[in-house]
Amino acid sequence: MADKRPELELAAPGSSILSTQLNDNYGTSSGTSFAAPYVAALAALVRSLNPGLPAPDVRQLLIDSSEDVEAPGFDQQTGYGRINAFQALSM
């Protein structure tokens with residue numbers, strides 16, 4: 001049977017992110033392309049502190065350390081919550 005995980009499990013900053021733009025400029029942009037690197041970077045930081053931690057455990061740690069920002073529990077807009085680097089690295 002196929003895995004039935006939700007499409008969105010975590011939220012991360014993805015709005016008004018300062019980034020490089022054309023013609024040697026900087027500007028702000030938004031979207032999932034700007035949020036995903038935050039989650040990937042946090043996962044890498046967690047693995048740097050715990051090199052033997054399997055990927056499913058890293059995923060669960062990010063979920064467990066997230067901040068619930070909408071209705072209590074899982075919701076469609078923010079999943080299990082917004083990533084919290086301090087909390088994740090402290091666990």
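## First stop: an exposed loop residue

Select Q77, which counts as exposed because its relative accessibility is 64%; here buried means under 20% relative accessible area, exposed over 50%, and partly exposed in between, with a 1.4 Å probe and protein chains only. Q77 sits in the loop between helix 2 and helix 3. Helices (H or I, at least four residues) and strands (E, at least two) are DSSP runs, numbered from the N terminus. Draw a distance from Q77 to L89: their C-alpha atoms are 25 Å apart, and the two residues are separated by 12 residues along the chain.

Before moving on, note that this is a predicted model, in which local features need pLDDT of at least 70 and side-chain atom pairs count only at pLDDT 80 or more, while totals for chains, interfaces and linings use all residues. Residues are numbered from 1 along each chain as its sequence is written, and side-chain values use heavy atoms, with hydrogens and water left out.

## Second stop: the hairpin

Select residues 17-21 (strand 1) and 25-29 (strand 2), which pair in the antiparallel sense over 5 bridges. Two strands pair if DSSP finds at least two bridges between them. Within this pairing, Q21 stands opposite N25 of strand 2.

Now select the turn, where 3 residues lie between the strands. Most residues other than glycine have a negative phi. N23, in the loop between strand 1 and strand 2, has a positive phi near 60°. D24 belongs to the loop between strand 1 and strand 2 as well, and its phi is also positive, near 55°. Are these residues buried or exposed? N23 is exposed, with a relative accessible area of 69%, and D24 is exposed, with 78%.

Select L10, A12, A35, L42, V46, V58, L61, L62, I63, I83 and A88, the 11 residues of the largest nonpolar core. A nonpolar core is a set of buried Ala, Val, Leu, Ile, Met, Phe, Trp, Tyr and Cys residues joined through side-chain atoms within 4.5 Å. Colour the selection by element: helix 1 (32-49) and helix 2 (55-64) are the elements that give two or more residues to this core. Which of the helices gives the most to this core? Helix 2 does, with 4 residues. In soluble globular proteins, nonpolar side chains tend to be buried together.

Keep helix 2 in view and show its buried residues, V58, L61, L62 and I63. Their cover includes helix 1 and helix 3. Centre on L62, which is in contact (heavy atoms within 4.5 Å) with L10, V39, L42, A43, V46 and A88, leaving aside neighbours within four places in sequence.

Select E9, in the segment before strand 1. E9 counts as buried because its relative accessibility is 17%. A polar contact of 2.6 Å joins the side chains of E9 and R59. A polar contact is a pair of N or O atoms within 3.5 Å; within protein, one must be able to donate a hydrogen and the other to accept it, and residues adjacent in sequence count only if both atoms are side-chain atoms. Not counting residues up to four places away in sequence, E9 touches R59, I63, T78, G79, Y80 and G81.

Next select N84, in the loop between helix 2 and helix 3 (85-90). N84 is likewise buried, at 17% relative accessibility. The side chains of N84 and E67 form a polar contact of 2.7 Å. Beyond neighbours within four places in sequence, N84 is in contact with L42, S65, S66 and E67.

## Last stop: the largest pocket

Finally, show the surface and select L8, L10, A11, A35 and V39, which lie nearest the centre of the largest pocket among its 14 lining residues. On a 1 Å grid over the protein atoms alone, a pocket is an open set of points where a 1.4 Å probe fits, with protein on both sides within 12 Å along at least five of seven lines; lining residues have an atom within 4 Å of a point. The space in this pocket is about 330 Å³, the volume being that filled by probe spheres set on the points, which are joined across faces, edges and corners. Helix 1 gives the most to the lining, with 4 residues, and helix 1 and helix 2 each supply at least two.
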